[in-house]
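Q: Please take a close look at the aromatic rings of this model and at the packing around them. A connected account, with every criterion stated, would be appreciated.

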Amino acid sequence: MKLIQSFSVDHTQIVPGIFVSRVDSLGDDSVTTYDVRLKKPNREPVIDVAAMHSLEHIIATFLRNDPEWKDEVIYWGPMGCLTGFYLILKGNRQSKEIYELMVNAFKSVNEYEEVPGATPVNCGNYLMHNLDMAKWYAKEFVDYLEANEDNSDIFEYPKTERLVTEEGQQFYDS
């Protein structure tokens, strides 16, 4: 079975940042999946589950209400590994082109006094939220992005050579 795109990235080299994960064509249109990585995989503690849930609610609300971007947003959601989020937008833009959007989205977290949609009617686990920790993670990420705005490492997946046999088997520790 073929390894999916996100599993073929060397997770030992990823730093926090905003990366194009994949671009898919849909007829004449395309959609881009972005890897919005807050933590270094396998090297930093992951994001607290309740804070991750709060960040999901708040940033999804921000993105779907932003006048410039709301019609472009297809999906915002957490990675299963709890190190970041996936953002899917219509079109094909480079990571740097959504930098300001992500900075503003994470900055907006500080403005909330309660998590939107955190009620039994609106959320499947409405008690699992931590707004204070969400604010802490959001500020940490914004500070990092702003300090590294000119560093290409936060916009480009790390490049590694992969040994591939004649049969197509890939070795991921090469």
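**Aromatic rings and their surroundings**

A: W76, F85, F106 and F141 are joined into a cluster by ring pairs. The model is a predicted one, in which local features require pLDDT of at least 70 and side-chain atom pairs count only at pLDDT 80 or more, whereas totals for chains, interfaces and linings use all residues. Residues are numbered from 1 along each chain as its sequence is written, and side-chain values rest on heavy atoms, with hydrogens and water left out.

A pair of aromatic rings is described by the distance of the centres and the angle of the planes. Rings of Phe, Tyr and Trp (for Trp, its six-membered ring) are paired here if their centres lie within 6.5 Å; planes under 30 degrees apart count as stacked, over 60 as edge-to-face and the rest as tilted. In one of them, F19 and Y157 are stacked, at 5.0 Å centre to centre and with 10° between the planes. Distant parts of the chain are linked by this pair: F19 belongs to strand 1 (residues 17-26), while Y157 lies in the loop between helix 3 (131-147) and strand 5 (163-164), 138 residues apart. Helices (H or I, at least four residues) and strands (E, at least two) are DSSP runs, numbered from the N terminus. Both F19 and Y157 are buried, a term that denotes under 20% relative accessible area, with exposed meaning over 50% and partly exposed in between (1.4 Å probe, protein chains only).

Y99 and F155 form an edge-to-face pair, with 5.9 Å between the centres and 65° between the planes. Since Y99 lies in helix 2 (residues 99-108) and F155 in the loop between helix 3 and strand 5, the pair ties together parts that are 56 residues apart in sequence. Y99 and F155 are likewise buried.

Helix 2 is mostly covered, with 7 of its 10 residues buried. The buried residues are Y99, L101, M102, V103, A105, F106 and S108; F106 is also part of the ring cluster. The elements that cover the buried residues of helix 2 include strand 1, strand 2, helix 1, strand 3, strand 4 and helix 3.

Helix 1 has 17 residues and spans 24 Å from its first C-alpha to its last, close to the 24 Å expected at 1.5 Å a residue; the expected span is 1.5 Å times one less than the number of residues. It is largely enclosed by the rest of the structure, because 12 of the 17 residues of helix 1 are buried. These are A50, A51, M52, H53, S54, L55, H57, I58, I59, A60, F62 and L63. They pack against strand 3 (73-78), strand 4 (84-90), helix 2 and helix 3, where contact means heavy atoms within 4.5 Å.

Two packed helices are described by the angle between their axes and the distance between the axes. For helix 1 (residues 49-65) and helix 3, the angle is about 75° and the axes are 8 Å apart; axes are lines fitted to C-alpha atoms, for helices over the stretch in contact, and angles run from 0 to 180 degrees between N-to-C directions. Helix 1 is therefore roughly perpendicular to helix 3, a class that covers 65 to 115 degrees, with under 35 counted as roughly parallel, over 145 as roughly antiparallel and the rest as oblique. Helix 1 contributes A51, S54, L55 and I58 to the contact, and helix 3 contributes L131, M133, A134, Y137 and A138. By class, this contact has 8 nonpolar residues, 1 polar residue and no charged residues; Ala, Val, Leu, Ile, Met, Phe, Trp, Tyr, Cys and Pro count as nonpolar, Asp, Glu, Lys and Arg as charged, and the others, Gly among them, as polar.

T32 counts as buried because its relative accessibility is 0%. Leaving aside residues up to four places away in sequence, T32 touches V20, R22, V23, L87, I88, L89, G91, N92 and R93. The C-alpha atoms of T32 and K90 are 6.4 Å apart, although 58 residues separate T32 and K90 along the chain.

By contrast, N42 is exposed, with a relative accessible area of 72%. N42 lies in the loop between strand 2 and helix 1 and has a positive phi of about 65° although it is not a glycine. L82, in the loop between strand 3 and strand 4, also has a positive phi of about 65° without being a glycine.

For the protein as a whole, there are 3 helices and 6 strands, in the order β-β-α-β-β-α-α-β-β from the N terminus on. Of the 174 residues, 42% are buried. Among contacts with a separation of 6 or more, 66% are between residues 24 or more positions apart.
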